[in-house]
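Work through the exercises below with the sequence and the model side by side. Try each task before reading its solution.

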Amino acid sequence: MKLTLSAVLISTALSASVFTPSTSADEAILAGGCFWCMESDFEKLDGVTDVVSGFTGGSAPNPTYNGNHKGHFEAVKITYDGGMLSYNDILDHFWVNIDPFDDRGQFCDKGPSYLSAIFVANDKERAIAEKTKGDEIGHQDFYKKSPVRYKFYRWNCGRDQRLEEIWGEKALGKNKS
């Protein structure tokens with residue numbers, strides 16, 4: 001079975017719209033679909049001091065929610081206490097709050113604005129981001145390495161339900177006779 005990994009972009013090309021490339025060691029800019037959901041997910045993390053929703057990555061000037069934000073990602077700028085959290089900790093939290101297998105967006109939000117992306121400020125952040133991507137998204141034996149994420153993915157896409165609807169008790173080895 002071929003798994004498709006979503007378009008997780010690791011980029012330094014930030015627009016001057018809402019977020020600028022002035023990211024410091026205690027800030028991270030991440031896109032993970034709906035910025036309201038990402039804001040909520042990161043505000044719950046101990047050590048995060050501020051999360052701001054906005055747009056980045058595109059060329060449309062002055063993007064707004066109800067206006068033109070074509071080419072931009074919905075993103076969050078996360079400010080965190082470097083004494084409590086590392087950039088790696090922030091990225092670890094990011095990975096478990098996205099669906100890396102959805103190349104059309106995130107969950108019920110589809111389209112380019114909802115793709116996942118890590119916007120890095122420097123080469124050090126790029127190296128960390130690339131390492132966490134490799135660590136977190138291993139295709140071989142994914143169902144064994146990340147059983148909760150795998151089961152959620154499988155249940156959420158309706159695979160087992162559809163197979164049982166088609167094949168009944170024979171589905172998924174339920175009836176091995």
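**Exercise 1.** Which residue's side chain does the side chain of Q106 join in a polar contact of 3.3 Å? Describe the surroundings of Q106 as well.

*Solution.* Keep in mind that this is a predicted model.
Step 1. Find Q106 in strand 5, residues 105-106.
Step 2. Look for the polar partner: the side chain of S116 makes the 3.3 Å contact with that of Q106.
Step 3. List the contacts of Q106, leaving aside neighbours within four places in sequence: G32, G33, I98, D99, Y114 and S116.

**Exercise 2.** Which residues of strand 7 lie on each side, and are they buried or exposed? Find also how strand 7 is joined to strand 2.

*Solution.* Step 1. In a regular strand, side chains alternate between the two faces of the sheet.
Step 1. Apply this to strand 7, residues 116-119: S116 and I118 are on one side, A117 and F119 on the other.
Step 2. These four residues are all buried, and both faces of the strand are therefore covered.
Step 3. Strand 2, residues 27-32, runs antiparallel to strand 7, and four bridges join the two.

**Exercise 3.** Which residues have the most contacts inside the largest nonpolar core? Identify the elements that build this core.

*Solution.* Step 1. The core has 22 residues, and F42, I78, I90 and I118 have the most contacts inside it.
Step 1. Two or more residues come from each of strand 2, helix 1 (35-43), strand 3 (48-56), strand 4 (73-80) and helix 2 (87-95). Helix 2 gives the most, five residues.
Step 2. Take F42 as an example: beyond four places in sequence, its contacts are L30, V48, V51, I78, I90, H93 and F94.
Step 3. Seven residues form a second, separate core, among them I29, A75, A117 and F119.

**Exercise 4.** Why are the buried residues of helix 5 on the same side of it?

*Solution.* Step 1. In helix 5, residues 147-157, the residues R149, Y150 and R154 are buried.
Step 1. They cover an arc of only 130° around the axis, so they are on the same side of helix 5.
Step 2. The face turned away from the buried side carries V148, K151 and W155, which are exposed.
Step 3. After helix 5 comes G158, with a positive phi near 80°.

Note on methods
Residues numbered from 1 in each chain as written. Predicted model: local features only at pLDDT ≥ 70, side-chain atom pairs only at ≥ 80, totals over all residues. Heavy atoms only, no water. Buried < 20%, exposed > 50% of the residue type's maximum accessible area, 1.4 Å probe, protein only. Pairing = 2+ DSSP bridges. Arc of directions from axis to C-beta. Polar contact = N/O pair within 3.5 Å; in protein donor to acceptor, adjacent residues only side chain to side chain. Contact = heavy atoms within 4.5 Å. Core = buried A, V, L, I, M, F, W, Y, C linked by side-chain atoms within 4.5 Å.
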